[in-house]
Amino acid sequence: MKFIGNLRQGRIARLPYVLAQVLIFVAILSVATLMNGVQSSPLVSIFLSLVLVGTVLLVGYLSLCLTIRRLHDIGNSGWRIFLTLIPV
């Protein structure tokens, strides 16, 4: 996937966007599953919690960049992503 190189510029087609979102979901799910499966010392739990928080922040940023690029591709402003925060 060549869109990984520069997340803030260029275009992104529909298929790479969907694949990237699926990979982001799998990354969060795998770290959360790993964290749920390990029940050892509190130190390991704290470390895995920090890894999960870091993963969520990283993939959240990636998802935000990809979604803004996709919104620009379909002719909308990137600020429209904040419409998802309005409760229905």
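Which residue with a positive phi follows helix 2? That residue is G75, with phi near 90 degrees. The model here is a predicted one, so local features were kept only at pLDDT of at least 70 and side-chain atom pairs only at pLDDT 80 or more, while totals for chains, interfaces and linings use all residues. Numbering runs from 1 along each chain as its sequence is written, and side-chain values rest on heavy atoms, with hydrogens and water left out.

On the overall fold, the chain holds 2 helices and 0 strands (DSSP runs numbered from the N terminus, H or I of at least four residues for helices, E of at least two for strands). Of its 88 residues, 24% come out as buried (under 20% relative accessible area with a 1.4 Å probe, protein chains only; exposed is over 50%, and partly exposed lies in between). Among contacts (heavy atoms within 4.5 Å) with a separation of 6 or more, 61% link residues 24 or more positions apart.

Helix 2 covers residues 42–73. Its 32 residues reach 46 Å from first C-alpha to last, close to the 46 Å expected at 1.5 Å a residue (the expected span being 1.5 Å times one less than the number of residues). Its buried residues include L48, L52, T55, V59 and L66. D73 also belongs to this helix and counts as buried because its relative accessibility is 16%. Leaving aside neighbours within four places in sequence, D73 is in contact with G10, R11 and I12.

As for V59, its contacts are I24, A27 and I28, not counting residues up to four places away in sequence.

Then there is the surface. F25 sits in helix 1 and is exposed, because its relative accessible area is 53%. Together with V18, V22, V26 and L29, F25 makes a nonpolar surface patch of about 440 Å² (residues with over 30% relative accessible area and no salt bridge, like charges being joined within 9 Å and nonpolar side chains, namely Val, Leu, Ile, Met, Phe, Trp and Tyr, within 5 Å; a salt bridge puts a side-chain nitrogen of Lys or Arg within 4 Å of a carboxyl oxygen of Asp or Glu).

Notes
Areas by Shrake-Rupley, 256 points an atom, 1.4 Å probe, with all protein chains shown as cover.
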